[in-house]
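Me: Could you walk me through this structure in short questions and answers?
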Amino acid sequence: MKDIYALCEEKTEVSKILKVVAKWTAIFTIGSLGTYYRRLTIDQLANKLSMNLRHQYYKVLLQKRISLFAEQNSGNLSHQLGHDIYQISQTVVFEFSSILRGAAFFTGGLGYLFYTSVPLTLVTILPISALALVSKHYGAILKKEREKMSDISRFTQGYTRERISQIKTVKLFTAEGFELKKYKELLDKLYGQAINVAGYSAIHHGLMEGLGQNALLWCIGYGAYLVSIDSGLSIGKLTAFAMYSMYSGLGFRLLSTGYTEMKKVSGIYKLINQNAMLPDVETVSFDSEKVPTSVFNQGTPYIQFRNLTFKYPTRDHLVFDNISFDIKAGEIIGIIGQSGSGKSSIFNLITHLYNPTAGEILINGVNILEKPAWWPRQMISIVSQETLLFTGSILDNIKYSDPQASEEAIIDACKKADAYDFIMEMPDNFNTFVGEQGYALSGGQKQRILIARALLKKPNIFLFDEATSALDASTEGYFQDVIEKEFKGKGYTVIIISHRVRSLKNVCDRIMLIDEGKIIALDTFEQLETHPEFKLLL
Ligand SMILES: Nc1ncnc2c1ncn2[C@@H]1O[C@H](COP(=O)(O)OP(=O)(O)OP(=O)(O)O)[C@@H](O)[C@H]1O
């Protein structure tokens, strides 16, 4: 750039000025093209990184045991998966490139400054060093404050996400006013923290700008003095010096902003990494591995619980303390017991959603706890109050259990589940949209679709957890017929949890009576009638 500054040293011919300006116009144009490609490449890189990280993190989350999801707010996890990872990727890629540019500007500029005038450089460096200290100090404070803001923001987002997904409950409790007030409180908290962050950020930027400008002023002032005492520094050199000190300043600012931003996302990354590293993982079948046929070759599955002790990870209370029982191949078993006695926990264990503290669970003699978690789940279909429908069409929901299922198989499953007729009466038949969690359907319709979905999977073991609670008496009768017609003696082992004890009488081979985690009896309905605990449930 010497030739540009030389123009300022003395009177120069217009043609020479034009030549120099034309040369530098070309250089700057190439530079701007470089900027275009740099931005494009960086953007592409950032987006690619974000996609890859999201994909990886989703994969990690899908491998976590269900207990992680019980402990964490789902809004929090999806915020991390979406917003947080995007922010990390953008920051890392953009700031890394900024840091590289900053380092080039800073070291190149500084080198030139020392080369031009050592004393002037030292005078200029003083405020820049102060700038570095200020940046470090406020960078650390800002990081903490932003982390706090991020926590509040995450909580707020999770809170509203849950309320919106449960809008029916909010409305039925006429809690709109309460919710609005609560949201305002959360927003006020968020705003308060945002103001805190803004305050520190403003101080940081104000000081940086003030010190930066002073650095330039001191440089020019001292430079003018050096020119006035004929120290060998010309006006042209001083102009060049001022330009390069601005480059160094810009380089420094890029470095310091890059550092602050990297620190900011490192906090967010730490939280994500904490979740990712949680040890409670299970083996997931991403490649649709199959349970070896040898297990099926042994025929209809029989199930054995051996000396099983279990507690939920978040509780100290033992749900089961050393229980054992056998379910024979092809049996239809009913489970009854007071609320909280442990009925659903048996399903949670057979499906290996949770690990027992001690004992064994055997299916056809194979201890499922020694197998990957997907192993028993592949053999089991479960219909429960907790399994919900996804946003999408009826067909999407039914095919979820077997995306490759033929139309014939789908219709067959729907007919067996008594779902076919009502689906055909829907405005778009199988393509009817069911809304989030199946809002656009009645409770009974939802459950029939769930049963059709479970049937389509063609499992060996069926688990029904209060599956008939939303069905009317006639449909429930039909459901019992289905169980008898489709399951009894057809190579399935079936377990049904029900509060409607009498409804199990004709369907089940045996009934398991549980009380506070203890198996009181596992016998025929008639035999159970002698138990006082059984009478309480009738
Ligand atoms: N995810 C969980 N985390 C911690 N404790 C749980 C969890 N699920 C159930 N429990 C506790 O385990 C015990 C047994 O619960 P379980 O759901 O198995 O009972 P249940 O007989 O199916 O009850 P209900 O008939 O009311 O559905 C209860 O004390 C319950 O509070």
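Predicted model: local features only at pLDDT ≥ 70, side-chain atom pairs only at ≥ 80, totals over all residues.

Residues are numbered from 1 along each chain as its sequence is written, and side-chain values use heavy atoms, with hydrogens and water left out.

Me: How are H13 and H15 oriented relative to each other?
Reply: Helices and strands here are DSSP runs numbered from the N terminus (H or I, at least four residues, for helices; E, at least two, for strands). H13 covers residues 407-416 and H15 residues 443-456, and their axes lie 8 Å apart at an angle of about 130°. Axes are lines fitted to C-alpha atoms, for helices over the stretch in contact, with angles from 0 to 180 degrees between N-to-C directions. Angles under 35 degrees count as roughly parallel, over 145 as roughly antiparallel, 65 to 115 as roughly perpendicular and the rest as oblique, so H13 and H15 are oblique.

Me: Which residues of H15 make the contact with H13?
Reply: Contact means heavy atoms within 4.5 Å. On the H13 side, the contact is made by Ala409, Ile410, Ala413, Cys414 and Lys416. Their partners on H15 are Ala452, Leu455 and Leu456.

Me: How many charged residues are in the contact of H13 with H15?
Reply: Ala, Val, Leu, Ile, Met, Phe, Trp, Tyr, Cys and Pro count as nonpolar, Asp, Glu, Lys and Arg as charged, and the others, Gly among them, as polar. By that scheme, the contact of H13 with H15 has seven nonpolar and no polar residues. The charged class has one.

Me: Which arginine is in contact with Ile398?
Reply: Neighbours within four places in sequence are left aside. The contacts of Ile398 include Ile410, Cys414, Ile423, Phe430, Ile449, Ala452 and Leu456.

Me: Is Glu179 buried or exposed?
Reply: Glu179 sits in helix H7, residues 176-228, and touches Tyr159, Arg163 and Val170, not counting residues up to four places away in sequence. Buried means under 20% relative accessible area, exposed over 50% and partly exposed in between (1.4 Å probe, protein chains only). Because its relative accessibility is 13%, Glu179 counts as buried.

Me: What is the phi of Asn364?
Reply: Asn364 is in the loop between strand S4 (358-363) and strand S5 (366-367), and is buried at 3% relative accessibility. Although Asn364 is not a glycine, its phi is positive, at about 50°.

Me: What is the relative accessible area of Asn429?
Reply: Asn429 lies in the loop between helix H14 (420-425) and H15. Its phi is also positive, near 45°, in a residue other than glycine. Asn429 is partly exposed, with a relative accessible area of 28%.
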